[in-house]
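Here is a short report on one protein model.

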Amino acid sequence: PVVVLTGPADVAAAPGETVTLDVSSSGDPDGNRLYFSWWQYRDPGSYKGTVTIRDADRALASFSVPADARPGDTIHLIAEVTDDGKPPLTRYARVIVTVRPK
């Protein structure tokens with residue numbers, strides 16, 4: 001698959017703000033069907049809480065920056081895109097959200 005991130009890979013958002021995660025322009029040169037999974041990559045992020053990603057199994061997802069996130073915290077989100085080829089192939093994209101003051 002070819003993963004195409006719509007919008008910036010680095011985003012600034014305040015607590016309570018909704019962030020859109022979009023890889024809907026992704027495709028597969030072989031014409032295979034794509035499956036999507038968005039997840040939080042906690043290790044590199046400085047925000048240690050868990051975020052809830054809405055529509056995490058779709059190309060277009062979103063989440064709200066948690067109220068307890070502090071300015072300067074980072075939240076890393078991964079788009080995992082897998083095709084249904086033989087063998088299935090997976091590619092990734094990362095969005096880094098830096099929390100800004102309200």
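## Nonpolar core

The largest nonpolar core has 23 residues. Leu 21, Phe 63 and Val 97 have the most contacts inside this core. A nonpolar core here is a set of buried Ala, Val, Leu, Ile, Met, Phe, Trp, Tyr and Cys residues joined through side-chain atoms within 4.5 Å. Buried means under 20% relative accessible area, exposed means over 50%, and partly exposed lies in between (1.4 Å probe, protein chains only). Two or more residues each come from strand 1, strand 2, strand 3, strand 4 (60–64), strand 5 (74–83) and strand 6. Strands are DSSP runs (E, at least two residues), numbered from the N terminus. In soluble globular proteins, nonpolar side chains tend to be buried together.

Which residues does Phe 63 contact, leaving aside its neighbours within four places in sequence? The list includes Val 19, Leu 21, Val 51, Ile 53, Ile 75, Leu 77 and Val 97. Glu 17, Thr 18, Thr 52 and Arg 54 are also in contact with Phe 63. Contact means heavy atoms within 4.5 Å.

## Basis of the model

This is a predicted model: local features need pLDDT of at least 70, side-chain atom pairs count only at pLDDT 80 or more, and totals for chains, interfaces and linings use all residues. Residues are numbered from 1 along each chain as its sequence is written, and side-chain values use heavy atoms, with hydrogens and water left out.

## Salt bridges

How many salt bridges are there? The count comes to two, taking a side-chain nitrogen of Lys or Arg within 4 Å of a carboxyl oxygen of Asp or Glu. Arg 100 pairs with Glu 17 at 2.8 Å, N to O. Arg 100 lies in the segment after strand 6 (90–99) and Glu 17 in the loop between strand 1 (10–13) and strand 2 (18–22), so the pair ties together parts that are 83 residues apart in sequence. Arg 100 is partly exposed, at 35% relative accessibility. Glu 17 is partly exposed as well, at 30%.

Arg 58 forms a salt bridge with Asp 55. Their closest N and O atoms are 3.8 Å apart.

## Aromatic pair and surface patch

One aromatic pair is counted. Trp 39 and Tyr 41 form this pair, which is edge-to-face: 6.0 Å centre to centre, with 70 degrees between the planes. Rings of Phe, Tyr and Trp (its six-membered ring) pair if their centres lie within 6.5 Å; planes under 30 degrees apart count as stacked, over 60 as edge-to-face and the rest as tilted.

Trp 39 lies in strand 3 (residues 34–40). Trp 39 counts as partly exposed because its relative accessibility is 32%. Tyr 41 is partly exposed too, at 31%. Together with Tyr 92, Trp 39 and Tyr 41 make a nonpolar surface patch of about 300 Å². Patches are made of residues with over 30% relative accessible area and no salt bridge: like charges are joined within 9 Å, nonpolar side chains (Val, Leu, Ile, Met, Phe, Trp, Tyr) within 5 Å. Areas come from the Shrake-Rupley method with a 1.4 Å probe; for residues, only the protein chains shown count as cover.

## Loop features

Asp 55 lies in the loop between strand 3 and strand 4. Its phi is near 60 degrees, a positive value in a residue other than glycine. Asp 55 counts as partly exposed, at 43% relative accessibility.

The peptide bond from Lys 86 to Pro 87 is cis, with omega near 0 degrees. Pro 87 sits in the loop between strand 5 and strand 6.

Is Asp 73 buried or exposed? Asp 73 counts as buried, at 15% relative accessibility. Asp 73 is in the loop between strand 4 and strand 5. Beyond its neighbours within four places in sequence, Asp 73 contacts Ser 46, Tyr 47, Val 97, Thr 98 and Val 99.

Methods:
Helix = DSSP H or I, 4+ residues; strand = E, 2+ residues; numbered from the N terminus.
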